[in-house]
Amino acid sequence: MSRAIPQPPGYPFLGNIFSLNNGQILTPFVDVPAHGFHELARKFGEIYQLNLLGRKVIFVSSYALVNELCDDSRFRKSVGGALKETRNLLNDGIFTAFDGETSWNVAHRLLVPAFVRKSFGAKPALQTDTNKLDSMPIDLNIDPTDDLTRVALDTIALCSMSYRQDSQPPFVQTMVDFLQECNNRANRPKIVQMFLNATNGKYQRDIEQMRNTAKAILQDRKANPTDSKDMLNVMLRGRDPKTGAQMSDESIIDNLLTFLIAGHETTSGTMSFALYYLLKHPEVMKELQSEIDNVLGDQPAQLGDLTRMQYLNAVIRETIRLQPTAAIRAIYPLEDTVIGGGKYFVMKNEPIALQIWDLHRDISIWEEFKPERMLKENFELLPPNAWQPFGFGMRSCIGRAFAWQEMCLVLSSIVQRFDLALVDPSYELQITQAITIKPKDFRILARQR
Ligand code: HEM
């Protein structure tokens, strides 16, 4: 006999949208949804459900349940909430495609081989940028989250479409505004949305501007072909190995923008969180600096060096455990089913959100930052699906290897060249969230070593 899934009391039409903010109805749009979900999990346990403006969503957070739901034969990716809103820009691109959309199969077959190769060309691009670090002023007071966001956006633009946008502020701002508005739309009643003329107008202009930029890049490549092995050429010249189909221009634009969106804040947020944890744990920073000095000396990092930086790998793994930048993902069952060892009945197609932020704290109730638990052997001994910052199965992250290479190159170059300190030594981590999470009001001092 299955049990009822707990649910907080709600309001007619609006359901439980205020529950995320501890029931405060005057400030319904919670700043950090991941924290709201965490509080609900503490209150209701490993599973609860919410009515979000008429849409029922089940939330799970325990290792046992997430592990059971990591099964592509029973559950598939659900594109809802803020992610569904991003389809206004990305359509059926590889990240936002609904399960079963043909475009995903074609793009996946074409792009996965291009994403699993050893070198993505990130290195030459990053080399030019990291060399600039040498000519920086001696002392810098910086907002690393902001700077690393531009680094990540430049890197993915350069490596995926050989486009050096040099952190063009208008483009970055347009993308940030778009993502923020997607999040707001997901939490706003449709009737309210209809009256927000200025907001809706800007949203449409942002979409148009980003699509025009991607279209111009595509047209320029067609007019000036190159031999580059970047993703743009893979999509432009490749044929689906199964059907022989070619990607349409619109589909190429959807996916170019997908790479920019999926591939920058996730990576930059992780690097910023890593700097925060390093600054709060001087003994870890010391150990890391010593590893990097041993491996690199005063030479720039090479790809071959990365596997020799085991401690750096552990620092990033542990950072992304505590702060998985994609803090939540959603799936739905292919059939009516029962989960939790027969305890909870879930209907076919009902969305289930997996709280990865909480999963990563559940495995052994590890709250503190300790990279040693992620060193090689320890990492391999983690229970299956316990560490899952990059998603699961057929819809898991195709940019994982790319992101890892980039994070290792950038972080090792920073730690090699700079002594870092918090501007405000009493600063404790605060988080902000659009779709992904990142540090807020985090400032550091960087001094050339
Ligand atoms: C630290 C960095 C990153 C993290 C934590 C991350 C995380 C994730 C997660 C959790 C998913 C699954 C989402 C879901 O199930 O709804 C995903 C999918 C995806 N990621 Fe990443 N990602 C990162 C970097 C990148 C980069 C650099 C790219 C470059 C293009 C990228 C491209 C994608 C794409 C295209 C998908 C969709 C795959 C599909 O649905 O078939 N990601 N990522």
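Guide: Two strands are said to pair if DSSP finds at least two bridges between them. The model discussed here is a predicted one.

Visitor: What makes strand E5 and strand E8 a pair?
Guide: Four bridges join strand E5 to strand E8 (residues 352-355). The requirement is at least two bridges, so with four bridges E5 and E8 count as paired. The two strands run antiparallel, and Arg-329 stands opposite Leu-354 in E8.

Visitor: Why are E4 and E9 called edge strands?
Guide: An open sheet is formed by three strands in the order E4-E12-E9, with antiparallel pairing. Strand E4 (139-142) and strand E9 (418-422) are the edge strands, as each pairs on one side only. Neighbouring strands of this sheet are turned by 20 degrees against each other on average, direction ignored.

Visitor: What makes E4 and E12 a pair?
Guide: E4 and strand E12 (residues 444-448) are joined in the antiparallel sense over four bridges. Since at least two bridges are required, E4 and E12 are a pair. Asn-141 stands opposite Leu-445 in E12.

Visitor: Which helix packs on the sheet, touching E9 and E12?
Guide: Helix H18 (residues 400-417) does so, and its direction makes about 90 degrees with that of E9. Helix H13 (residues 265-280) also lies across E9 and E12, running at about 80 degrees to E9.

Visitor: Why is the pair of Tyr-276 and Tyr-277 described by the angle of its planes?
Guide: Ring centres must lie within 6.5 Å to form a pair, and planes over 60 degrees apart count as edge-to-face. The ring centres of Tyr-276 and Tyr-277 are 5.4 Å apart and their planes stand at 70 degrees, so this pair is edge-to-face. Tyr-276 and Tyr-277 are both buried. The structure holds 14 aromatic pairs.

Visitor: What makes Tyr-427 and Phe-442 a stacked pair?
Guide: Planes under 30 degrees apart count as stacked. The rings of Tyr-427 and Phe-442 have their planes at 25 degrees and their centres 5.7 Å apart, so the pair is stacked. Tyr-427 lies in the loop between E9 and strand E10 (431-433), while Phe-442 lies in the loop between strand E11 (437-439) and E12, so the pair ties together parts that are 15 residues apart in sequence. Both residues are buried. Tyr-427 and Phe-442 belong to one aromatic cluster with Tyr-276, Tyr-277 and Phe-369.

Visitor: Which residues touch the most other members of the largest nonpolar core?
Guide: Leu-275, Leu-278, Trp-387, Leu-420 and Phe-442 do so, in a core of 47 residues. The largest share of this core, eight residues, comes from H18. Beyond its neighbours up to four places away in sequence, Phe-442 touches several residues, including Leu-275, Tyr-276, Leu-422 and Tyr-427. A second, separate core has 43 residues, among them Ala-114 and Leu-153.

Visitor: Is Tyr-48 buried or exposed, and how do you know?
Guide: A residue is buried under 20% relative accessible area. Tyr-48 has 0% relative accessibility and therefore counts as buried. Tyr-48 lies in strand E1 (residues 47-52). Leaving aside neighbours within four places in sequence, the contacts of Tyr-48 include Ile-5, Phe-37, Val-57 and Gln-355.

Visitor: Is Arg-373 buried or exposed?
Guide: Arg-373 has 12% relative accessibility, so Arg-373 counts as buried; the cut-off is under 20%. Arg-373 is found in the loop between helix H16 (356-362) and helix H17 (376-380). Not counting residues up to four places away in sequence, Arg-373 touches Glu-318, Arg-321, Trp-366, Glu-368, Asn-378 and Phe-379.

Technical notes: Residues numbered from 1 in each chain as written. Predicted model: local features only at pLDDT ≥ 70, side-chain atom pairs only at ≥ 80, totals over all residues. Heavy atoms only, no water. Axes fitted to C-alpha atoms, helices over the stretch in contact; angles between N-to-C directions. Contact = heavy atoms within 4.5 Å. Phe/Tyr/Trp six-rings, centres within 6.5 Å; stacked < 30°, edge-to-face > 60°. Buried < 20%, exposed > 50% of the residue type's maximum accessible area, 1.4 Å probe, protein only. Core = buried A, V, L, I, M, F, W, Y, C linked by side-chain atoms within 4.5 Å.
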